[in-house]
Amino acid sequence: MRLLTARLSTKRRSPIAGLVVVLLGLLLTGGGYALLSPASAQSGTASQSTVQQGRQLFLVGCSSCHGEHGEGIVTKRGTQYGPPLAGVGAAAVDFQVGTGRMPMARPGAQAQKKKVLYNDQEISALAAYVASLAPGPAIPDPSTYNTTNVDTQSIVRGGEFFRTNCTACHNFAAAGGALPGGKYAPSLHGVSNKHIYEALLTGPQQMPVFSDGVLQPSEKRDIIAYLNSVMANPDYGGAELGSAGPVSEGLFAWLIGIGACVGFAIWIASHSTRSTRSTRSRKGASA
Amino acid sequence: MTGDHEDAVRGNQDAVVAQPQPGHGLEPAGHADGPVDPFADPGLEEHEPRPTDVDEHAARRAERQIAACFMLSAFFVVLFCISFFVFKIGNNPTTILGGYGASNVTLGLFLGLALLLIGIGAIQWARKLMSDVEVVEMRHPTASSEADRVATVEALQQGVSDSGIARRPLIRNSLVGALAMLGLPVILGLRDLGPLPGNKLSVTVWRKGMRVVNDVAGTPIKPEEVEIGQLINSQPEILFEKDANGQPKYAGTELLNAKTKASTIVVRMKPEDITPTPGRENWGVSGILCFSKICTHVGCPISLWEQQTHHLLCPCHQSTFDLGNNGKVIFGPAGRPLPQLPLMVDSEGYLAAQSDFTEPVGPSFWERGER
């Protein structure tokens with residue numbers, strides 16, 4: 001830079017040329033950094049007042065477990081009462097608060113999906129505040145999880161990814177399943193595209209993280225498209241009985257199926273109605 | 001059917017009279033003193049006729065009920081045939097009752113009802129109108145009569161003496177020898193069960209420097225893309241490679257056999273949560289560890305990963321492995337810890353294997369030993 005300025009000034013000999021070049025360089029570097037750096041692009045969109053509003057909401061609704069500055073609270077036994085939130089990112093807040101999991105009603109094995117307590121504006125303010133603590137995954141752009149124009153080939157590929165990465169916990173029909181110690185993988189029915197994408201990105205609770213670097217955004221979108229197509233399918237086989245596989249189907253077969261068979265057997269063998277108008281005079285001469 | 005009740009009662013009378021027949025008592029067969037009825041009067045209730053036996057109207061009503069069942073059954077068969085042609089299946093199926101496939105539901109329902117109504121009609125027919133006579137069938141001795149048994153033994157002895165098998169030991173012994181030799185083809189046939197597996201159970205396709213790639217996509221993995229809490233269902237890169245002719249190096253059965261042993265999972269934990277056993281300190285890359293995906297119990301693929309507890313749970317029989325502690329079994333029927341694949345970073349910065357697994361993966365087998 002100094003070399004460039006020196007050469008320019010020797011040619012033009014303008015007294016302010018050097019200053020102009022330095023200013024231009026600073027502007028280009030700063031502007032380029034602002035444009036290219038994803039973290040600053042995200043935090044740049046949240047105004048200071050939004051972060052401030054989020055901070056106020058955080059102090060009222062979240063700080064009792066997560067600490068006054070989201071630093072987390074450790075119990076006497078050394079376990080986490082509320083985990084630290086630095087670096088979890090706006091996507092985690094949008095998922096946890098947007099599905100009603102946070103604020104938790106009571107401590108437990110796992111936060112449950114329930115009624116959403118904050119409106120959209122408040123959720124984005126909370127997300128902006130938590131994102132301001134440390135860089136983390138941002139709320140995904142709607143175009144990344146838009147599945148309207150996904151072709152069949154991608155849906156099939158999404159199915160392969162789903163069966164490889166998700167079915168172990170969430171069941172082949174996305175009906176969810178049990179985990180040890182009262183924890184569970186929730187059903188994916190009725191979960192919005194955005195929340196599935198955010199869960200993959202942030203790994204809420206026991207769920208592993210599937211970062212964009214390893215599971216590409218297009219692959220995540222294919223998984224979501226596959227789920228949507230599965231859930232739009234009619235139940236060809238009749239009642240799905242919770243899609244829990246042999247447990248519910250076996251229970252149904254044993255109770256309803258064999259129960260009906262036993263009922264018929266009892267009916268066949270039961271003593272039928274007898275008439276009192278019998279001819280007693282012709283009593284059998286038994287030995 | 002009215003008027004038949006007289007016959008029915010008479011039939012019953014016959015049955016009861018027939019009970020104390022000599023030679024067919026209820027006691028065990030082969031009693032020395034001959035059959036004796038242990039119960040002079042077993043207490044059979046006297047026969048009472050059904051309403052349909054004595055009442056013409058009741059009988060007619062039952063008849064109409066049964067006929068209605070059969071006709072309704074025929075009606076449901078007709079509905080089945082109609083549904084077969086009416087409801088669309090395929091890409092754009094007809095649905096009813098809030099999302100059920102109409103074709104399956106109606107075909108199953110109508111055919112089921114048709115069969116059920118035939119059954120109900122038949123049962124009702126037997127209960128209401130068919131002959132209602134109690135029948136007593138005496139138990140017979142299981143042994144054959146003395147005369148038959150004597151005759152059989154005589155025939156056997158006659159055969160032995162006619163063939164002369166006792167008098168000609170050469171024939172007898174050579175026959176026994178020939179029959180014994182017939183066992184050899186059976187034993188030789190077992191040889192075709194194949195050569196012994198050799199070291200196939202102990203080695204996988206993993207080699208030093210082979211990249212760990214994402215399953216399905218086949219993309220290599222950079223350690224900086226793997227976050228704390230991440231789970232990657234991974235495969236050796238060679239399963240996605242193609243040979244000089246552009247054909248996959250592994251395909252079909254070979255691919256499945258290779259995958260069965262070489263499937264892995266990559267997880268990342270905080271480095272302070274990992275306590276490697278001596279010798280395994282450099283098997284991970286800053287908290288990134290790679291383990292076999294095949295359960296050591298009976299070989300189910302496991303990827304039920306709890307990122308906060310660092311437990312890996314097998315969905316088949318609930319074996320639980322602690323991956324922060326070298327894959328140790330902490331619950332369930334698995335007998336051995338989950339084998340770990342030593343990881344390194346190759347020259348281009350991708351995750352790769354340091355070597356093959358250092359122990360056989362998957363379920364235990366006889367030749368494996370205790371290690």
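## A pair of strands in chain B

Strand S6 (residues 288–292) of chain B pairs with S11(B) in the antiparallel sense over two bridges, where strands are DSSP runs of E with at least two residues, helices are DSSP runs of H or I with at least four, and both are numbered from the N terminus. Two strands count as paired if DSSP finds at least two bridges between them. Within this pairing, B:Cys290 has B:Leu341 in S11(B) as its bridge partner.

This is a predicted model, in which local features need pLDDT of at least 70 and side-chain atom pairs count only at pLDDT 80 or more, while totals for chains, interfaces and linings use all residues. Residues are numbered from 1 along each chain as its sequence is written, and chains are lettered from A and ligands numbered from 1 in the order in which they are written.

## The sheet around it

The strands S3-S4-S5-S6-S11 of chain B, in that order, form an open sheet of five strands with antiparallel pairing. Strand S3 (212–214) and strand S11 (340–341) of chain B stand at the edges and each have a single partner strand, so one side of each is left without a neighbour in the sheet.

## The two chains

Chain A has twelve helices and four strands, whereas chain B has eight helices and 13 strands. Buried residues (those with 20 or more other C-beta atoms within 10 Å of their own, the C-beta atoms being placed from the backbone) make up 28% of the 287 residues in chain A and 26% of the 371 residues in chain B.

## Where the chains touch

In the model, 51 residues of chain B are in contact with 37 residues of chain A, contact meaning that the C-beta atoms of two residues, placed from the backbone, lie within 7 Å. Among the elements of chain B that each supply at least two residues to this side are helix H1 (4–17), helix H4 (102–128) and strand S4 (231–236). By class, the side of chain B that touches chain A has 23 nonpolar, 17 polar and eleven charged residues; here Ala, Val, Leu, Ile, Met, Phe, Trp, Tyr, Cys and Pro count as nonpolar, Asp, Glu, Lys and Arg as charged, and the others, Gly among them, as polar.

## Domains of chain A

Chain A is divided into domain 1 (2–36), domain 2 (46–133) and domain 3 (142–232), with bounds from an automatic or database domain assignment. The C-alpha centres of domain 2 and domain 3 of chain A lie 23 Å apart, and 13 residues of domain 2 are in contact with twelve residues of domain 3.

Terms used: A residue is buried if 20 or more other C-beta atoms lie within 10 Å of its own, exposed if 12 or fewer, and partly exposed in between; C-beta atoms are placed from the backbone.
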